[in-house]
Amino acid sequence: MIESFLAARDVRQQINRDYPLPNRPRIQGFPQGYQCGWIVQPEWMEMELDSYFFNGWESAILYHFPGGYDARYWRALANATERAAKYEDYVFKGRRCDEEIAVTVDPACRKTVRNPSRHLTNLQEVSLVQHVAYRLDGKVLVAVFNFREKPVRVSLKDRGTFTVPPARTTVLEFER
């Protein structure tokens with residue numbers, strides 16, 4: 001699932017370079033839900049939706065929503081939708097500032113993946129913990145993505161250490 005995050009980031013950056021505002025096209029993600037008998041876990045489905053949203057895509061719709069499954073899928077969809085509604089001002093009105101926010105993974109939890117995508121050949125060794133940050137009106141939003149299936153301890157400079165649950169997005173908002 002980290003490939004979806006990396007691709008969403010890469011495509012958004014390329015579109016931003018190729019189409020300056022106000023002529024920038026709106027884009028919609030199409031993450032995996034159910035296809036050809038393959039069903040994604042609800043936690044991964046939620047993270048894929050978060051990956052598109054926090055990387056600045058205007059919308060995302062699942063292909064297709066797993067019909068007839070338990071409430072975990074509905075909860076995952078509701079969680080991602082709730083986060084998008086709560087933080088849309090940061091994403092669409094704020095300034096992206098990933099490079100200004102240092103998120104450090106505890107060395108005991110650090111794990112990388114070599115060549116995470118055959119389509120993104122410039123990425124060779126990628127952490128399974130990613131983050132996105134935005135500034136808006138003197139506040140900072142940091143969304144930390146844990147693409148591992150184990151909890152991860154991370155530190156945020158001047159904000160302390162916290163645990164990101166497995167296969168989850170944790171969002172922090174603070175004054176700066």
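Helices (H or I, at least four residues) and strands (E, at least two) are DSSP runs, numbered from the N terminus. With that numbering, select Pro22, which sits in the loop between α1 and β1 (28-29). The peptide bond between Leu21 and Pro22 is cis, with omega at about 10 degrees. The model is a predicted one.

**The whole chain**

Now show everything. There are three helices and 13 strands in the protein. The C-alpha trace spans about 45 × 45 × 35 Å along its principal axes. A compact globule of 176 residues would have a radius of gyration near 16 Å, and the protein agrees, with 16 Å. Of the 176 residues, 43% are buried. Among contacts between residues at least 6 apart in sequence, 66% join residues at least 24 apart.

Colour by charge next: the protein has 25 positive and 22 negative charges, and their mean positions are 3 Å apart.

**The cores**

Select Leu6, Met45, Phe54, Tyr87, Leu141, Phe145 and Phe147. In the largest nonpolar core, which has 31 residues, these touch the most other members. Two or more residues of this core come from each of α1 (2-18), α2 (42-54), α3 (71-93), β9 (129-136) and β10 (139-146). A second, separate core has 16 residues, including Val129, Ala133, Val142 and Phe162.

Stay with Phe147 and show what surrounds it. Which residues does Phe147 touch, not counting those up to four places away in sequence? They are Met1, Ile2, Phe5, Trp44, Met47, Ser51, Leu128 and Gln130.

Select Ser4, in helix α1.

Note on methods: Residues numbered from 1 in each chain as written. Predicted model: local features only at pLDDT ≥ 70, side-chain atom pairs only at ≥ 80, totals over all residues. Heavy atoms only, no water. Core = buried A, V, L, I, M, F, W, Y, C linked by side-chain atoms within 4.5 Å. Buried < 20%, exposed > 50% of the residue type's maximum accessible area, 1.4 Å probe, protein only. Contact = heavy atoms within 4.5 Å. Rg over C-alpha atoms; globule rule 2.2 N^0.38 Å. Lys, Arg positive; Asp, Glu negative; His and termini not counted. Charge placed at Lys NZ, Arg CZ, Asp CG, Glu CD.
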